[in-house]
Amino acid sequence: MDFADIKKELTTAEWVEVFKQARAMGATQLGLSGGEPLTRPDILELIQEARNLGFYTNLITSGIGLDATKAKAFKEAGLDHIQVSFQASSEDLNNLIAGTDAFQHKIEMAKAVKAAGYPMVLCFVTHRQNIDQIDEILDLAISLDADYVELATTQYYGWAMHNRDQLMPLKEQLERAEATAHRYQEEQKGNMKIYYVVPDYYEERPKACMNGWGNVFLTVTPDGTALPCHAARELPGMELPNVRDLSIRDIWEGSNDFNRFRGFDWMKEPCRSCDEKEKDFGGCRCQAYMLTGDPAMADPVCTKSPDRHLIDEAIQRGRDEAEKTPQEAKPLVFRNPKNSKEISGL
């Protein structure tokens, strides 16, 4: 969703009520993400309220709006975890993809997080433009004394889907990156944990998206819309219940949105009779919809899906694009047109 389009965010009191209702139902972890959660002027108060309710809290930030004073104040307020996200290990590429000159600030904020007593958790989103920099990315993490590093492959929704041909890594790139990540995992045992997330386009079975629809996670957007996953708003037929109108319990237990793909009765073949359906739940509903036009179809990543050819064709289009000369290749299209620059040669 475009968070810039939201005009009436939940108030502090409304967010605290959401926290209370979720906690009463047994929720134990609270993630503060966005967009950029630090744009909320009441973020410190929300952290304090979450701590008072007994939540384990995690702040996921680009680092924009963070400083050493805030990091320390968040720690004193009870925030458990801060994750700083990067777009690349090099300043030029990071700033180009992020659309802002934020790289040096991210570096300083990662250091501030560590100095405030948090474990340093860094996330790098990988794609064809930066996946050959895995060693540089991990060297940067080591230089920052990171405790945890997640190498997360781009998920093709929204902006990324629009640029999929330019972002899709080649299989040989992935193999090199995985080998590099495993080497660093061995070298950094006892010092830094490295999580390498394999992209599902190159898998034969889909991931158990969100550990099953409406099974573990509930997302509340700034305007109060409740979603089973962050991308569910894109699906047709969603009623989009709002916490201003219904309680968290009513939304979780009774809404059509959260019950829509729970269990297995909604499944079509080949998922319905598949002996792996309890492992992967048919894969991602949003990915199934984006690729097939029907959110009840098997995730095309699965080789049992009749639509697997859509994934294979996407991989081939990515390869075709990668083999073009810099002059022939399509530039990335950015959300902000002023950042739409040619980076094919990087």
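Predicted model: local features only at pLDDT ≥ 70, side-chain atom pairs only at ≥ 80, totals over all residues.
Residues are numbered from 1 along each chain as its sequence is written, and side-chain values use heavy atoms, without hydrogens and water. Local features need pLDDT of at least 70, side-chain atom pairs count only at pLDDT 80 or more, and totals for chains, interfaces and linings use all residues.

Helices (H or I, at least four residues) and strands (E, at least two) are DSSP runs, numbered from the N terminus. Helix α2 (residues 43–53) packs against helix α3 (residues 68–77) at an angle of about 25°, and their axes are 9 Å apart. The axes are lines fitted to C-alpha atoms over the stretch in contact, and the angle, from 0 to 180 degrees, is taken between N-to-C directions. Because angles under 35 degrees count as roughly parallel, α2 and α3 are roughly parallel to each other. In contact (heavy atoms within 4.5 Å) are Ile43, Leu44, Ile47, Gln48 and Arg51 of α2 with Ala73, Phe74 and Ala77 of α3.

Two cis peptide bonds are described here. One joins Gly34 and Gly35, with omega about 5°; Gly35 lies in the loop between β1 (29–32) and α2. Another joins Glu269 and Pro270, with omega about 10°, and Pro270 belongs to the loop between α11 (256–259) and α12 (277–280).

Positive phi values occur in residues other than glycine. Asn211, in the loop between β6 (193–196) and β7 (219–220), has phi near 55°. Phe281, in the loop between α12 and α13 (285–292), has phi of about 55°. Asn211, at 41% relative accessibility, counts as partly exposed, and so does Phe281 at 24%. Partly exposed lies between buried (under 20% relative accessible area) and exposed (over 50%), for a 1.4 Å probe and protein chains only.

Notes
Parallel < 35°, antiparallel > 145°, perpendicular 65-115°, else oblique.
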